[in-house]
Amino acid sequence: MKKSVVFAIAIIYLMAIIVVGFLGQALKVYNENIYVEQIECISEDYKPYKKTSKEFKEGYSGFILVDEYEEGLKVLIKCRVLPANATYKELDYFSTDTSICTIEKQTDGTAIAHFKKAGAATVVIKATDNGAVSIKINILAYDNSDFA
C-alpha cells in the first residue's frame, strides 16, 4: 500500500473520531416528555391542611369551606401543575360522591363543582400524562343555620 493511502485512512479515522465526539456532546433529545410532578390547588378559598392541625386528613391536601350553602351552589376549583414546563398540563377532576356534587370540567383547565345538597364532597384531581400524580381536596358546603 502506498504511504498516501495509509495516511488518508488515518486522517479520515481521526476526523471521524473528532466529528463523532463533537456531535455526541451536543446531542439533544427532542420530543422528551416532562411529566407532572405536583398539582397545587390555587382556588381563592382553598386552605391547605397542616399536618399538626386537628382537621388534617391523611391523603388530602386541603379544603374549601363554603359556610353559606344555597340551592344551586357552584364552587370554582382552580389548580396548577409543576413543573411549569410539563408536556401535558391537562387535569381530570371527579367527585367521589355524586349524590352531593358533580364536577364540570371547563375548557380553561378549571372545574366547577355543582352542589345538589349541603355536605362534604371529596374531589380528586389527577394529571392525565400517565404519571401517578393526584391530589384530593374536601369541599365543605354547610348552611350556618344548621349549627345555630
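**Close-up views of a predicted model**

**View 1. The open sheet.** Five strands form an open sheet in the order β2-β3-β10-β9-β6, with mixed pairing. Strands here are DSSP runs (E, at least two residues), numbered from the N terminus. Two strands pair if DSSP finds at least two bridges between them. The edges are β2 (46-48) and β6, each pairing on one side only. From one strand to the next, the twist averages 25°. That angle is taken between N-to-C directions on a scale from 0 to 180 degrees, with axes as lines fitted to C-alpha atoms. This is a predicted model: local features need pLDDT of at least 70, side-chain atom pairs count only at pLDDT 80 or more, and totals for chains, interfaces and linings use all residues. Residues are numbered from 1 along each chain as its sequence is written, and side-chain values use heavy atoms, with hydrogens and water left out.

**View 2. Strand β9 and its partners.** Of the 9 residues in β9, 7 are buried. Buried means under 20% relative accessible area (1.4 Å probe, protein chains only). β9 runs antiparallel to β10, and 8 bridges join them. Along this pair, Val123 stands opposite Ile137, and Gly119 stands opposite Ala141. β9 also pairs with β6, again antiparallel, over 5 bridges. There Leu91 stands opposite Ala127.

**View 3. Two hairpin turns.** The β9 and β10 hairpin has 6 residues between its strands, and Asn130 in the turn has a positive phi of about 70°. Most residues other than glycine have a negative phi. Strands β7 (residues 101-105) and β8 (residues 111-115) pair antiparallel over 5 bridges. Glu104 stands opposite Ile112 in β8. This hairpin has 5 residues between the strands, and Gly109 takes a positive phi near 95°.

**View 4. The largest nonpolar core.** The core has 29 residues. A nonpolar core is a set of buried Ala, Val, Leu, Ile, Met, Phe, Trp, Tyr and Cys residues joined through side-chain atoms within 4.5 Å. Ile39, Ile77, Phe115, Ile125 and Ile137 have the most contacts inside it. Elements giving two or more residues include β1 (38-41), β4 (74-77), β8 and β9 (119-127). Ile137 touches residues including Cys41, Tyr46, Ile64, Ile77 and Val123, not counting those up to four places away in sequence. Contact means heavy atoms within 4.5 Å.

**View 5. A cis peptide bond.** Leu82 and Pro83 are joined by a cis peptide bond, with omega about 0°. Pro83 is found in the loop between β5 and β6. Most peptide bonds are trans.

Note on methods:
Helix = DSSP H or I, 4+ residues; strand = E, 2+ residues; numbered from the N terminus. Buried < 20%, exposed > 50% of the residue type's maximum accessible area, 1.4 Å probe, protein only.
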